[in-house]
Amino acid sequence: MGGPKEPIRMSTFFDYDSLDQAHRLIVQQHTGEIRKRLRRSAQDVWEIGQRLADVRSRLKYGQFLAWLKAEFGWSQRTAYNFINVYETFGDRFANLAKVDIATSVLYQLAAPSVPEELRTQVLKSAAAGEKVTNKALKSAIKQSRQSETVATATQSLPQEQPTPKPEIIAVIPKVAKTAEHPSEDRISSDIIVTPGWYRLDAKHVLFCGDTASKTFVEAAPQAKLAIAATNQDWAHDWLVDQADNVVVMSEEELTLDTLEHLFNLLSNSGDTVIFPWLPLPYMLAVGQRLNRVIYAGETKPQRCQAAIAALGIQPEHIHIIDGLTVTLAG
């Protein structure tokens, strides 16, 4: 029945022989299906995301990114756009098949921080034939968040709110080795750190202050990798546009072994890496040892002080305007 099946083209740059036969056949089948669906209608985006999520579950840590680059030349960000759509609209596949909606709008709508009521409303509007633009959606999201903030403030009892997250999140499995490392309390130093900018070894930059502020964001360089390890509410969506790869995790999940693995997996020697928080004092030292250029920040002066002390380099107190170092303090 039907004509002969089109042969599936496989990249020679991914080692399929390293997989067991059952997983290899399924991964190769998904590869072919994804290629067929790259016309990217809303339904196709969902189905690509479904297959990407399944492939991710069958590959070992580190293999998924290698497979993405070998087969499609995709970044982590591109893949997670698809996966977010699949995971967000998992039970509404039929609805997506009926709407004409731009993929950029669909990606934005699938962001974890978008309220569910707003998603439903936008899908209904699209199904009714209304054109949904990125600008209109951004305005609706902003208005929805403002309304939610007012509603929360008027409640008599505090309600637990979900933590906003960026659209691109790397899922980082726990590593087997979880050796303890000294905390900032056990690092002695005569260095006194006050709020402001510091330069280290003529290439690293550290900002002691709010890294969600305009001051830190506007001076940030384009980076290969950003690692955001925090237990705070997420207020750093700008990282998604600033770095090729963005990894988000809790402070408890971050170890120096994991940090070094992420450096080797997602960046190369000489690349710029952004740390918007410094929960471990030796993060700058690992970057220095692996020859990365670090752009870092931290609101707590004691953490900044510990990171500088662990690096073992005398800091230069600097002043930055429009991304340029213009003065040095003595």
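This passage goes through the overall make-up of the chain and then two of its loop residues, Ala220 and Thr255. The model is a predicted one, in which local features need pLDDT of at least 70 and side-chain atom pairs count only at pLDDT 80 or more, while totals for chains, interfaces and linings use all residues. Numbering runs from 1 along each chain as its sequence is written, and side-chain values use heavy atoms, with hydrogens and water left out.

Overall, the chain carries 13 helices and 8 strands (DSSP runs numbered from the N terminus: H or I of at least four residues for helices, E of at least two for strands). Of its 330 residues, 46% are buried, that is, under 20% relative accessible area with a 1.4 Å probe, protein chains only. Among contacts (heavy atoms within 4.5 Å) with a separation of 6 or more, 64% link residues 24 or more positions apart. The accessible surface is about 17600 Å², with 50% belonging to carbon and sulfur atoms (Shrake-Rupley method, 1.4 Å probe).

Ala220 sits in the loop between helix 9 (214-219) and strand 3 (223-229). It counts as buried because its relative accessibility is 11%. Neighbours within four places in sequence aside, Ala220 touches Trp238, Gln242 and Tyr295. Tyr295 is 75 residues away in sequence, yet the C-alpha to C-alpha distance to Ala220 is 7.3 Å.

Thr255 belongs to another loop, the one between strand 4 (243-249) and helix 11 (256-266). Thr255 has a relative accessibility of 11%, so it counts as buried. Its side chain reaches the backbone nitrogen of Thr258 at 3.1 Å.

Definitions and conventions:
Buried < 20%, exposed > 50% of the residue type's maximum accessible area, 1.4 Å probe, protein only. Polar contact = N/O pair within 3.5 Å; in protein donor to acceptor, adjacent residues only side chain to side chain.
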